Structure formats: C-alpha cells, structure tokens
Amino acid sequence: MRRRKKTRHTAPPPVSPYRLMWVLVMFDLPVLTKEDKRNYREFRKQLLKRGYLQLQYSVYARPCHSDENAQVHKERIRKYLPPEGEVSIGLITDKQFSRIETFFGESRKEQPKPPDQLSFF
C-alpha cells in the first residue's frame, strides 16, 4: 500500500504591489438641469455599486487584482458614461497609489485609513 504524501498548507505568495492596479475615475459633470442631476446621480450610483471608493467629491478609485481586470472595469465605466460632461479614467499600480500624499489646510483632519490590501484567497 502506498502512503500518501503529506501536503503542507501554506499561504499563497504575496501579490506584488506592481501587479495590483487601481482604477481612478475623475469627473466634472454638469448639474444645471434636472436631467443633468439625474445623470450625475446615476453615474455616481454606478461607481459605488461597482465597488469604487470616494476619494474626493468627484474622484473615485477601485482596486483590481491585475491590469486585465482594471481594463475590464474601465470598459464598464464607458458603458454608463453620462451624455454631458467630462470623465477621466487612469490606471495606476498599487505601489504608485500608495505614494499618494494627502494634505489638508490649517484645520488638520485625521487622514482616512487606507483600505486593507486585497486578499483573494
């Protein structure tokens, strides 16, 4: 009878911060008419529904586990772009995202805690 080889359960290797990606969405949408406001709300709602974090009023970001996944999310945004206004989408690595510094005015606020690193396993 053959003995089964014991397997060790080890943690998966850490993912490189150069492989993880962030999708940054920056927009300037008109809110002059009722329809503009409805388009703005719908666009913002779609971002939040798809896991984007609000960094500033018109700046949202979402972590992705690879460049390919970031491209998929970028294409999804293109599907629900509002008819008016300007939307910019940037893709940066997790390493670059971690180098973002936030500065506040005279009245200092506590800096928000960054989200935990992605874990898929």
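User: Which residues have the most contacts inside the largest nonpolar core?

Analyst: First, the ground rules: this is a predicted model, where local features need pLDDT of at least 70, side-chain atom pairs count only at pLDDT 80 or more, and totals for chains, interfaces and linings use all residues. Residues are numbered from 1 along each chain as its sequence is written, and side-chain values use heavy atoms, leaving out hydrogens and water. A nonpolar core is a set of buried Ala, Val, Leu, Ile, Met, Phe, Trp, Tyr and Cys residues joined through side-chain atoms within 4.5 Å; buried means under 20% relative accessible area, exposed over 50%, partly exposed in between (1.4 Å probe, protein chains only). Here the largest core has 13 residues, and V23, V25, F27, F43, L47, Y52 and I77 have the most contacts inside it.

User: Which elements give two or more residues to this core?

Analyst: Helices (H or I, at least four residues) and strands (E, at least two) are DSSP runs, numbered from the N terminus. The contributors are β1 (21-28), α1 (34-49), β3 (59-64) and α2 (67-79), with β1 giving the most, four residues. A second, separate core of five residues includes W22, L24, A61 and F97.

User: What is F27 in contact with, beyond its neighbours within four places in sequence?

Analyst: Contact means heavy atoms within 4.5 Å. By that test F27 meets Y40, F43, L47, Y57, S58, Y60, E86 and V87.

User: And S88, where does that residue lie?

Analyst: S88 belongs to strand β4 (residues 86-93) and is partly exposed, at 32% relative accessible area. Not counting residues up to four places away in sequence, S88 touches L24, V25 and M26.
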